[in-house]
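Subject: Structure handover

Hello,

Here is the structure you asked for. My notes on it follow.

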Amino acid sequence: MTASAETAARPEDVFRKVSTAEASVVRALGRRDSNALAKTVGELGQLIDAALKRREQGQEATACDMAAHSLAFAAVSAAEGLSNQGEGRRVLFQDAISAAADFRQDVRACEKLIGRNTSSHTSVEKALRAL
């Protein structure tokens, strides 16, 4: 997701990249791999930066852009939670679960925006709860 992330102005393109990132986050959570989570966050960050640039040009952020943001927040919180213990870990994972719930709502709105049937998108939440 290098230069193509910057040109992912169409919600369909953002959705496709977010869906790939969602699968990567679930795999990384299953392996408790904070490095893979960080890599995915970097890729999502490119989408978020592109959305911010579009906003600066007077365009609105779409539900697909918001899905990228909420998934990135869930992944960052989970990665930090994996490296903490005790109360800090619990708080970070709770933040990640909350962001994953936001992601589920955002990605469903994104699917509606692009004319796709909505899916459950609960895999990130389930993977976080399993930790």
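Helices here are DSSP runs of H or I with at least four residues, strands are runs of E with at least two, and both are numbered from the N terminus. The model is predicted, so local features need pLDDT of at least 70 and side-chain atom pairs count only at pLDDT 80 or more, whereas totals for chains, interfaces and linings use all residues. Residues are numbered from 1 along each chain as its sequence is written, and side-chain values use heavy atoms, with hydrogens and water left out.

L131 sits in the segment after α6. L131 counts as partly exposed because its relative accessible area is 24%; buried means under 20%, exposed over 50% and partly exposed in between, with a 1.4 Å probe and protein chains only. Between L131 and F93 there are 8.5 Å, C-alpha to C-alpha, at a sequence separation of 38 residues. Leaving out residues up to four places away in sequence, L131 touches L29, R32, L82, R89 and F93, where contact means heavy atoms within 4.5 Å.

**Helices α2 and α5**

Two packed helices are described by the angle between their axes and the distance between the axes. For α2 (residues 11–31) and α5 (residues 86–114), the angle is about 145 degrees and the axes are 10 Å apart. The axes are lines fitted to C-alpha atoms, for helices over the stretch in contact, and the angles run from 0 to 180 degrees between N-to-C directions. This crossing is left-handed, a term used if the near helix is turned anticlockwise from the far one by less than a right angle; clockwise would be right-handed.

On the α2 side, the contact is made by P11, E12, F15, V18 and E22, and on the α5 side by F103, V107, C110, E111, L113 and I114. By class, the residues of this contact are eight nonpolar, no polar and three charged. Nonpolar here covers Ala, Val, Leu, Ile, Met, Phe, Trp, Tyr, Cys and Pro; charged covers Asp, Glu, Lys and Arg; the others, Gly among them, count as polar.

**The nonpolar core**

In soluble globular proteins, nonpolar side chains tend to be buried together. The largest nonpolar core in this model has 35 residues, and V18, L29, L37, L44, L71 and L128 have the most contacts inside it. Such a core is a set of buried Ala, Val, Leu, Ile, Met, Phe, Trp, Tyr and Cys residues joined through side-chain atoms within 4.5 Å. At least two residues of this core come from each of α2, α3 (34–56), α4 (63–82), α5 and α6 (123–130). Helix α4 gives the most, with ten residues.

Which residues does V18 contact, leaving aside its neighbours within four places in sequence? They are L44, L47, C64, A67, A68, L71 and F103.

**Helix α4: S70 and A63**

S70 is in helix α4 and counts as buried because its relative accessibility is 6%. A polar atom of the S70 side chain lies 3.3 Å from the backbone oxygen of A67, and one lies 3.4 Å from the backbone nitrogen of F103. Neighbours within four places in sequence aside, S70 is in contact with A99, D102, F103 and D106.

A63 is also in helix α4, and at 22% relative accessible area A63 is partly exposed. Not counting residues up to four places away in sequence, A63 touches D106, A109, C110 and L113.

The side chains of E125 and R104 are joined by a polar contact of 2.6 Å. That term means a pair of N or O atoms within 3.5 Å; within protein, one must be able to donate a hydrogen and the other to accept it, and residues adjacent in sequence count only if both atoms are side-chain atoms. With neighbours within four places in sequence set aside, E125 contacts I97, A100, A101 and R104.

**Positive phi**

Most residues other than glycine have a negative phi, and most peptide bonds are trans. R32, in the loop between α2 and α3, has a positive phi of about 55 degrees although it is not a glycine. R32 is partly exposed, at 46% relative accessibility. H121, in the loop between α5 and α6, has a positive phi near 55 degrees and is buried, with a relative accessible area of 10%.

Regards
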